[in-house]
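Have the model open and follow along.

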Amino acid sequence: MLLLLMATGCVAAPQSITGFYRYGHEVNTVCTGSPEACYWLVDTAPEVRQQLRQQVAGLAPYAAVCVRLMAEISKHKADGFGLDYDGSIRVLEMLGSCEAQAAAPPVSLQDLQHRRWILDRIDAIQLSEYSVAQGFDDDLSALKIPDLDFGEQGFVSGNTGCNQFQGQARVVERQLILSRLATTAMLCDGFAGALEQQLQQAYRNPLDLTIVASDLILRASGRELRYRSRDWVQ
């Protein structure tokens, strides 16, 4: 279908857009513009489709999530369910969520304290799927799910999937800075070891800091770490 449209020159040039992605039974669309028009997803790479679906993971079916995309939009309608929409869209790249673009209120160290933050996604991919993307199986039964726990006077502790660590934390100009980190020295193979190396590298740098709803988002060197607030279970 898309190859025919391209051959006839009816597909617009790639453009950066902001729109609302919806996914569910018989729905896989991006709505954008004013007045709003909705387009059926076509010929989009599997990894990009996965990134889009990660944006709505855990939400009710058909929930609309604001995303930023590089995409080609066509007024030509796709077959099947696509006939019900204004046209078709080929997403070339997932640029991020709208929340990442919007100005976020400043976060203080007090906002982080007395809460346990569990690593949920890396670069918008859930851990089990991220392990597969890194070349490992998706069995996380032996993995210590990485977490962060902030206490009084800047004390921070947690684990990186393999070893426990503790140190000092401070927040400076919307960035989280971890220092004086001391860790245990257990050796881990497989995904646990690879994940630990990635997190240790990230923690050595100032991390851009945002809190959205109950999520803590840390970004550095093009990598996004998303943590969810979760109470300790006695």
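Counting the bonded cysteines of the protein chain in sequence order, they pair 1-2, 3-4, 5-6. That makes three disulfides in this predicted model.

**Cys31 and Cys38**
- The sulfur atoms of Cys31 and Cys38 sit 2.0 Å apart in a disulfide.
- With a torsion of about 110° about the S-S bond, the Cys31 and Cys38 disulfide is right-handed.
- Cys31 is buried at a relative accessible area of 3%, and Cys38 is buried at 16%.

**Cys66 and Cys98**
- Cys66 and Cys98 form a disulfide with their sulfur atoms 1.9 Å apart.
- This pair links distant parts of the chain, 32 residues apart: Cys66 belongs to strand E4 (residues 65-74) and Cys98 to helix H3 (residues 98-101).
- The torsion about the S-S bond of Cys66 and Cys98 is about -65°, so this disulfide is left-handed.
- Cys66 is partly exposed, with a relative accessible area of 21%, whereas Cys98 is buried at 14%.

**Cys162 and Cys188**
- In the disulfide of Cys162 and Cys188, the sulfur atoms are 2.0 Å apart.
- Cys162 lies in the loop between strands E9 (155-159) and E10 (164-172), and Cys188 in the loop between strand E11 (175-183) and H6, so the pair ties together parts 26 residues apart in sequence.
- The S-S torsion of Cys162 and Cys188 is about 85°, so the disulfide is right-handed.
- Cys162 is buried at 1% relative accessibility, while Cys188 is partly exposed at 26%.

**Gln198**
- Helix H6 (residues 190-203) holds Gln198, which counts as buried at 19% relative accessibility.
- Leaving aside residues up to four places away in sequence, Gln198 touches Tyr130, Gln134 and Arg223.

Key: Residues are numbered from 1 along each chain as its sequence is written. This is a predicted model: local features need pLDDT of at least 70, side-chain atom pairs count only at pLDDT 80 or more; totals for chains, interfaces and linings use all residues. Side-chain values use heavy atoms; hydrogens and water are left out. Helices (H or I, at least four residues) and strands (E, at least two) are DSSP runs, numbered from the N terminus. Buried means under 20% relative accessible area, exposed over 50%, partly exposed in between (1.4 Å probe, protein chains only). Contact means heavy atoms within 4.5 Å. A disulfide is a pair of cysteine sulfur atoms within 2.5 Å.
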